[in-house]
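Thanks, everyone. I'll keep this short.

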Amino acid sequence: MEVKVICGDITKVKVDAAIVNLFEGVEHPGGATGAVDQALGGTISQLIGEGEIKGKLNEVTLIHTMGKTEPERVAVVGLGKQEKFTYDSIRGVMAAACRSLRKVGAKRVATIIHGAGAGGMDVEGAVQALTEGSILGLYGFRKHVTKEAEHGEIEELLIVERDESRLPSLESGVNRGRVLAEATNFGRDMINQPANYMTPSDMAEVARGGAADWGLEFNVLEREEMERLGMGAFLGVAQGSKQAPKFIVMGYRGGDLAASPLGVIGKGLTFDSGGISIKPSEGMDEMKGDMAGGGAVIAAMRAIAELKPRINVTGLVPATENLPGGAALKPGDILKAMNGKTIEVVSTDAEGRLIVADALSYARKLGLSPLVDVATLTGACRIALGDICSGAFGNDQELVTKVIKAGEEAGERIWQLPMYEEYKEQNKSEVADVKNTGGRYAGAITAAQFLAEFSEDTPWVHLDIAGPSFIKKERGYLIKGATGVGVRTLVNLALALAEEQSK
Ligand code: BES
Ligand code: MN
Ligand code: ZN
């Protein structure tokens, strides 16, 4: 879908449908919605009076205009209560409206800028959110469905603005929104692919092709190289699978050579069976999404390459399968990680922290700082926070706060969990430096404490996305399946750090 900004009057654009809006409780629509109401001879006001249009958040009412306006239909979307209205409401509202209009066969759609009038929002931000919500909300994963879709696709979205002087800033909002949403959908595609279509090698190839297209530096470490580097933790996980492990490295150079490069790390388990500590079969298919962190990092690198912030960023994705092959890691095995620490493997299903551990060491070896890792790390985090937000952990409060803020701007909610020293006790091993599981209590925290052994003194944040990475039911602009959570947070963080560095 193409998104364009045009200067004009929403009642006079030739489109299949025009989207206007209403806050909850408003009886007499003003602004552009008011103008459309007038052109329609008061139909919208009448429907409000009759209680059919209430303005409830994400409510969509379709009206056929029967030649009274150029748009053939008008979709009135509810913005909900004005005091609760945010940029994320705009994303959700556009997703709902676009999906309704797609269902009725609309190809060309126009919209006014929600939030710009009575909402009192920054218009560039509003237009960015509007673009993001539309592109994210229309996403679908149909790569393997041979049957024709029940609906066509919206081909063009026109954002209609009356004031010509505003167009340049609106265009920059559209561009940022488009880049973020398209990168997220790219990530969703990778994550939704089943494990037989998204092996570690496939992941590396997708990243390689992307890097060439987006102008990024690219490298893949193969098994031998990883052996030389002493990545015993990562290789321990990989040894149960016939698929070759790949350590993907992508580099973006937009900043000073002297400035500190941001390192982003994504867990790339293309399938997590649990290994010898095998998972129950019910729901195991979901573990095709255990590379969601890795997918998010690759997708974020794409958006960063397109938006070109003045900062250097390196993306690292350790990619492997966790399978119980004949050579597999066994409970009780002891591994030596790249930083020299020894790990007692209590459960082969706590594999994510093993591969991320070596990725953190490698990032430190490259001199990257600060570090942010994104991983579907623990079921415990999903139990604690559900699929509504990610868990954050870190060794540097300022950085944690920046990451949470970057997420907030993206509509990706992040909740910090504590890293009290006492939790470390649970990871103590009698036969090695550390164990890879700390028991059932506070599982998300002990996993983070384990990672902290490898980020050492580099400023670092860990995002556990096990909850929100994959959802079972559509929610706003999030489609069932992979959400692409983390992509927009990482990009926003890179943009914010770039701003800081240029000061
Ligand atoms: N990939 C899983 C975590 C997960 C669970 C992600 C559900 C998404 C949805 C991870 O590798 C894992 O298996 N963690 C174990 C750790 C335990 C053995 C200490 C878990 O959470 O049960
Ligand atoms: Mn696991
Ligand atoms: Zn896993």
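Start with the two metals. The zinc ion, ligand 3, and the manganese ion, ligand 2, are 3.2 Å apart. Asp272 coordinates both. Keep in mind that this is a predicted model.

Zinc next. Which protein residues are the donors of the zinc ion? They are Lys267 through NZ, Asp272 and Asp290 through OD, and Glu351 through OE. These donors lie 2.0 to 2.4 Å from the zinc ion. Along the chain, the spacing reads K-x4-D-x17-D-x60-E.

Now the geometry. Why is the arrangement around zinc octahedral? Six donor atoms surround the zinc ion, and they subtend angles of 79 to 175°, so the arrangement counts as octahedral. For reference, ideal angles for six octahedral donors are 90 or 180 degrees.

On to manganese. The manganese ion is coordinated by Asp272 (OD), by Asp349 through both O and OD, and by Glu351 (OE). The distances here are 2.1 to 2.2 Å. The sequence spacing for this ion is D-x76-D-x1-E. The manganese ion has six donor atoms as well, with angles of 71 to 167°.

Now ligand 1. Where does it sit? In the largest pocket. Sixteen is the number to remember: of the 16 residues around ligand 1, the ones that come nearest are Lys279, Asp290, Asp349, Glu351 and Gly379.

Asp290, a zinc donor, has a side-chain N or O atom 2.8 Å from a nitrogen atom of ligand 1. Asp272, which coordinates both metals, places a polar side-chain atom 2.9 Å from an oxygen atom of ligand 1. Leu377 uses its backbone: a polar atom there is 3.5 Å from a nitrogen atom of ligand 1.

How much of ligand 1 does the protein bury? Taken alone, ligand 1 exposes 520 Å², and the protein buries 79% of that.

To close, go back to Asp272. This residue coordinates the zinc ion and the manganese ion, and its side chain also comes within 2.9 Å of an oxygen atom of ligand 1. Thank you.

Conventions. Residues numbered from 1 in each chain as written. Chains lettered and ligands numbered in written order. Predicted model: local features only at pLDDT ≥ 70, side-chain atom pairs only at ≥ 80, totals over all residues. Heavy atoms only, no water. Near = heavy atom within 4 Å. Polar contact = N/O pair within 3.5 Å; in protein donor to acceptor, adjacent residues only side chain to side chain. Areas by Shrake-Rupley, 256 points an atom, 1.4 Å probe, with all protein chains shown as cover. 1 Å grid on protein atoms, 1.4 Å probe; cavity = no way out; pocket = protein on both sides within 12 Å on 5 of 7 lines; lining within 4 Å. Sits in = over half its atoms within 2 Å of the grid points. Donors = N, O, S within 2.8 Å, 3.2 Å for Na, K, Ca; no water. Tetrahedral: all angles 85-135°; square planar, octahedral: opposite > 155°, others 65-115°.
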